[in-house]
Amino acid sequence: MSQIFERLVPYLEKHMALQTALALLDWDDATLAPKEAGEYTAKVIGILSQEDFVCLMNPQVKKILEELETDKTMDSTEQAIFRKVRKQFRKNEAIPKEEKRAYAELKARSQKAWEEAKKEQDFSIFAPYLEKMIAYGKKFAAYGASDGQEGYDVLLDDYEEAFPVEVLDSFFEKLKKEIIPLLRKIQQQPPIDDSFLYLEYDVEKQKEFNRFLAEYVGFDWNRGVMAESAHPFTTSWHNHDVRITTHYYKNQLASAIFSTIHESGHAIYEQGIEDCYTQTVLGEGASCGIHESQSRFMENIIGRSRAFWIPIYKKLVETFPEQLGEVSLDQFVAAINRVKADEIRTEADELTYCLHIMVRYEIEKMMINEEVSAEELPKIWNEKYQEYLGVTPENDAVGILQDVHWSMGDIGYFPSYALGNAFAAQIYARMKKEMDVEAELSAGNIGAIRDFLHRTVHRYGALKEAREILLDATGEEFNPDYFIEYLKEKYQKIYGIS
Ligand code: ZN
């Protein structure tokens with residue numbers, strides 16, 4: 001180990017311990033903690049977060065990072081850790097302390113205003129806060145800019161390195177050109193009958209089936225826990241302790257099934273990271289987009305394919321004979337792939353999901369790179385929904401107020417969801433060259449698919465950046481054509497159109 005790097009280790013260890021404690025409190029808050037604990041837990045979180053912040057943001061760490069700039073004795077893992085910590089340090093250092101405090105307070109108030117506005121279906125309650133959030137976004141973009149970067153690109157870089165506006169513009173242009181016409185054709189077809197997915201399904205039986213499903217796709221119970229929460233999510237402290245949640249609805253069979261497969265996709269990634277990165281800053285996913293590529297790969301490409309259900313559909317029917325006894329495998333597969341352009345992103349199907357992201361991307365770009373007032377945004381939002389999805393939200397609560405992200409200052413996060421889908425399709429195209437994916441799935445052999453993902457993506461944790469992972473895994477730079485081809489082929493077949 002580099003001697004200079006060795007001096008950094010105690011700070012990193014303390015940071016890891018505090019992060020673990022914070023994640024544990026978050027998990028508890030979302031799953032088991034009683035309602036009245038919230039406020040008190042928030043105080044503990046506040047104190048620990050502050051402690052965590054100064055643990056890395058101090059003159060001693062700064063000095064070590066400066067010395068490491070010219071250190072030639074670090075190995076590749078140490079270099080990757082150094083680069084990650086340095087990036088975080090620079091971003092944090094660039095923002096003056098007073099502004100950071102004011103921003104934290106604004107964030108708390110902004111989230112409350114958003115909740116209120118959503119409840120009242122009244123955007124004007126949230127508008128002044130969004131206006132301030134945008135102003136901060138612009139300011140932080142100016143502070144955080146590295147050479148040649150500006151505006152929205154700086155914010156995008158926080159979530160996904162090396163995928164600036166230039167790359168995203170061409171990605172979304174392609175989607176616009178190819179997917180919107182396909183959606184229009186589908187909208188002219190008679191809708192697929194999926195009514196049997198909305199009968200009454202006993203929740204205890206759903207739980208049993210979902211536990212089976214998580215294990216079937218590869219969730220390791222010795223390294224993971226599954227619980228329930230209002231909104232499904234995955235959290236992880238390291239590769240030996242990964243937690244997922246799901247949410248059961250009595251009248252919706254598919255919701256929990258695909259949440260479970262989605263979160264299991266995230267979890268399998270985390271559980272598959274090599275032990276040499278455990279409890280280091282590299283012991284997590286490479287980026288938001290790569291993480292989302294793994295969950296969506298499992299959920300959509302694998303979990304919504306006919307081949308996936310061949311070996312296990314019988315078990316589902318046996319669990320719910322009254323509801324599914326008369327439903328054939330083909331009817332079931334068609335139903336779980338029904339396209340329904342709707343106003344809500346989180347309920348979107350695979351085909352239209354990226355169009356929801358496109359609306360947000362274009363508006364974020366406008367907010368940061370152009371002059372636009374918050375009041376104008378609901379109108380712009382609704383017009384874009386009409387243009388791309390062919391629907392106009394009934395009110396702002398199901399329109400511009402539907403997502404929490406902007407109220408939390410997360411501007412630049414949305415595109416990584418869309419990138420995740422496109423990364424997944426590119427990885428899938430490569431995988432198909434190496435194996436007969438359908439045959440493996442039909443034979444119930446998901447292990448072969450998981451091994452490919454483990455070998456090319458999971459094991460590296462955050463050692464490599466997203467772009468590098470994609471290049472090494474597929475032999476190619478990011479190419480959105482794979483995603484468009486995948487969608488066209490799949491949905492033209494399902495709807496019998498060309
Ligand atoms: Zn996800």
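Modeller: Start with contact, which means heavy atoms within 4.5 Å. This is a predicted model, in which local features need pLDDT of at least 70 and side-chain atom pairs count only at pLDDT 80 or more, while totals for chains, interfaces and linings use all residues. Residues are numbered from 1 along each chain as its sequence is written, and side-chain values use heavy atoms, with hydrogens and water left out.

Colleague: Which residues are in contact with Leu 130, apart from its neighbours within four places in sequence?

Modeller: Phe 123, Ala 374, Leu 377 and Trp 406. Leu 130 itself is in helix H6, where a helix is a DSSP run of H or I of at least four residues, a strand is a run of E of at least two, and both are numbered from the N terminus.

Colleague: What makes Leu 130 count as buried?

Modeller: Its relative accessibility is 0%. Buried means under 20% relative accessible area, exposed means over 50%, and partly exposed is in between, with a 1.4 Å probe and protein chains only. So Leu 130 is buried.

Colleague: Why is Asp 157 called buried?

Modeller: The relative accessible area of Asp 157 is 14%, so the label is buried. Asp 157 is in helix H7 (residues 152-159). It touches Lys 87, Lys 91, Gln 149 and Ala 162, not counting residues up to four places away in sequence.

Colleague: Which phi does Gln 121 have?

Modeller: A positive one of about 50°, although Gln 121 is not a glycine. Gln 121 is in the loop between helix H5 (97-120) and helix H6 (123-144), and at 46% it is partly exposed. Gln 279 also has a positive phi, of about 60°, and is not a glycine. Gln 279 lies in the loop between H10 and H11 and, at 39%, counts as partly exposed.

Colleague: How do you know which atoms coordinate the zinc ion?

Modeller: Donors are N, O and S atoms within 2.8 Å of the metal (3.2 Å for Na, K and Ca), and water is not among the atoms, so sites may look incomplete. His 262 (NE2), His 266 (NE2) and Glu 292 (OE) coordinate the zinc ion at 2.1 to 2.5 Å. Their spacing along the chain is H-x3-H-x25-E. His 262 lies in helix H10 (residues 253-271) and Glu 292 in helix H11 (residues 288-302), so this pair ties together parts that are 30 residues apart in sequence. At 9% relative accessibility, His 262 is buried; Glu 292, at 9%, is buried as well.

Colleague: Why is H18 called roughly perpendicular to H22?

Modeller: Axes are lines fitted to C-alpha atoms, for helices over the stretch in contact, and angles run from 0 to 180 degrees between N-to-C directions. The axes of H18 (residues 415-434) and H22 (residues 481-495) come within 7 Å and cross at roughly 80°. Under 35 degrees is roughly parallel, over 145 roughly antiparallel, 65 to 115 roughly perpendicular and the rest oblique. H18 is therefore roughly perpendicular to H22.

Colleague: Which residues of H18 and H22 meet?

Modeller: Asn 421, Ala 422, Ala 425, Gln 426, Tyr 428 and Ala 429 in H18 meet Tyr 482, Phe 483 and Tyr 486 in H22. Seven of the residues are nonpolar, two polar and none charged. Here Ala, Val, Leu, Ile, Met, Phe, Trp, Tyr, Cys and Pro count as nonpolar, Asp, Glu, Lys and Arg as charged, and the others, Gly among them, as polar.

Colleague: What makes a set of residues a nonpolar core?

Modeller: They are buried Ala, Val, Leu, Ile, Met, Phe, Trp, Tyr and Cys residues joined through side-chain atoms within 4.5 Å. The largest core has 117 residues, of which Phe 171, Phe 308, Trp 309, Leu 316 and Leu 324 touch the most other members. Helix H16 (residues 353-369) gives the largest share of this core, 11 residues. Apart from this core lies another, of 21 residues, among them Leu 12, Leu 56, Met 57 and Met 74.
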